[in-house]
Amino acid sequence: MTQLAALTKSLWRRWMLWIPIRILSAKHRPKIAAHLKSLGTQDRYLRFGYPATDEQIDGYVAKLDFVRDDIYGVFNRRLQIVSMAHLAFSVDPQWATCAEFGVSVDLKMRGRGLGARMFDRAMTRARNEGVSLMFIHALSENTPMLKIARKAGARVERDGSESDAYLSLQPANLDSQMHEFLEEGMADLDFQIKTRARQFLQLLRTMQEVRRGVRDARHQSGV
């Protein structure tokens with residue numbers, strides 16, 4: 001099989017399981033905060049390692065560095081974030097080839113593979129940025145996250161109530177670069193379509209309200 005044929009087959013297999021994962025920016029802070037605050041106490045505990053309060057979540061969101069790190073989100077049709085991931089690159093020059101991953105998924109969206117797909121998306125990005133070691137720190141009871149890490153080939157070390165997962169990444173290649181390029185483009189297109197659809201529905205509702213108001217006014221005036 002030629003390199004081009006192998007690349008085409010790899011990309012096709014990935015697109016069959018495709019989920020629109022978009023890179024977020026500072027303008028998305030309110031939506032990120034809303035998503036995290038929608039998590040229950042247990043889910044906040046698993047995501048942050050403690051039952052974060054709304055104020056602590058606001059503090060976390062305010063400190064997100066969208067220039068240094070990558071923040072990912074999956075939007076529903078109402079343009080609400082239903083899954084969010086944080087790929088944090090090391091600020092220590094001695095660990096410049098390391099990055100840490102964290103993810104959260106709305107309760108209603110569980111069981112659809114969002115966490116695994118977010119991890120795969122972040123892993124591809126990390127490879128293309130020259131990261132050789134991806135790190136996950138999680139509570140030992142966070143079995144879904146640790147299962148995702150193990151499935152990807154990570155080495156998991158448990159220390160009481162906490163666990164660390166270490167995943168060695170392969171260097172970037174044509175496959176990883178093309179995958180990231182196409183994924184970003186398709187995710188942006190998906191978001192634009194959802195935005196336009198929502199704007200159109202809002203316009204229809206406004207028109208319906210105007211027509212209803214005109215009709216009611218006619219009835220009251222006896223016209």
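**Figure 1. The run of elements along the chain.** From the N terminus on, the order is α-β-α-α-α-β-β-β-α-β-α-β-β-α, which comes to 7 helices and 7 strands. Helices here are DSSP runs of H or I with at least four residues, strands are E runs with at least two, and both are numbered from the N terminus. This is a predicted model, where local features need pLDDT of at least 70 and side-chain atom pairs count only at pLDDT 80 or more, while totals for chains, interfaces and linings use all residues. Residues are numbered from 1 along each chain as its sequence is written, and side-chain values use heavy atoms, with hydrogens and water left out. Of the 223 residues in the chain, 40% are buried; buried means under 20% relative accessible area, exposed over 50%, and partly exposed in between, with a 1.4 Å probe and protein chains only. Take the contacts (heavy atoms within 4.5 Å) between residues at least 6 apart in sequence: 65% of them join residues at least 24 apart.

Figure 2. Two strands pair if DSSP finds at least two bridges between them. Angles run from 0 to 180 degrees between N-to-C directions, and axes are lines fitted to C-alpha atoms, for helices over the stretch in contact.

**Figure 3. Strand E4 and its two neighbours.** E4 covers residues 98-105 and pairs with E5 (residues 133-139) in the parallel sense, over 3 bridges. Here Cys98 stands opposite Leu133, and Ala99 has Met134 as its bridge partner. With E3, the pairing of E4 is antiparallel and runs over 7 bridges; Leu87 stands opposite Phe101 in that pair. Because 7 of its 8 residues are buried, E4 is largely enclosed by the rest of the structure.

**Figure 4. Phe101 and the nonpolar cores.** A nonpolar core is a set of buried Ala, Val, Leu, Ile, Met, Phe, Trp, Tyr and Cys residues joined through side-chain atoms within 4.5 Å. The largest one has 31 residues, and those with the most contacts inside it are Leu87, Phe101, Met118, Phe119, Met134 and Ile136. Two or more residues each come from E2 (70-75), E3 (81-89), E4, H5 (114-128), E5, H6 and E7, with H5 giving the largest share, 6 residues. Zoom in on Phe101: leaving out residues up to four places away in sequence, it touches Ala85, His86, Met118, Phe119, Ala122, Met134, Phe135, Ile136 and Met145. Another core lies apart from this one and has 16 residues, including Leu64, Phe66, Phe75 and Ile81.

**Figure 5. Leu146 in helix H6.** Leu146 is found in H6, residues 143-151, and is buried at a relative accessible area of 4%. Not counting residues up to four places away in sequence, Leu146 touches Ala138, Leu139, Ser140, Val156 and Ser163. From Leu146 to Asp164 is 18 residues in sequence and 8.7 Å in space, C-alpha to C-alpha.

**Figure 6. Leu79 in the loop between E2 and E3.** This is where Leu79 has its place. Leu79 is not a glycine, yet its phi is positive, about 60°. Most residues other than glycine have a negative phi. With a relative accessibility of 11%, Leu79 counts as buried.

Figure 7. H2 (residues 29-37) and H4 pack at about 145°, their axes 10 Å apart, in a right-handed crossing. The contact brings together Arg29, Ile32, Ala33, Leu36 and Lys37 of H2 with Asp54, Ile57, Asp58, Tyr60, Val61 and Ala62 of H4. These divide into 7 nonpolar, no polar and 4 charged residues. Ala, Val, Leu, Ile, Met, Phe, Trp, Tyr, Cys and Pro count as nonpolar, Asp, Glu, Lys and Arg as charged, and the others, Gly among them, as polar. H3 (residues 41-48) packs with H4 (residues 54-62) at about 35°, and their axes are 12 Å apart.

Terms used: Left-handed = near helix turned anticlockwise from the far one by under 90°.
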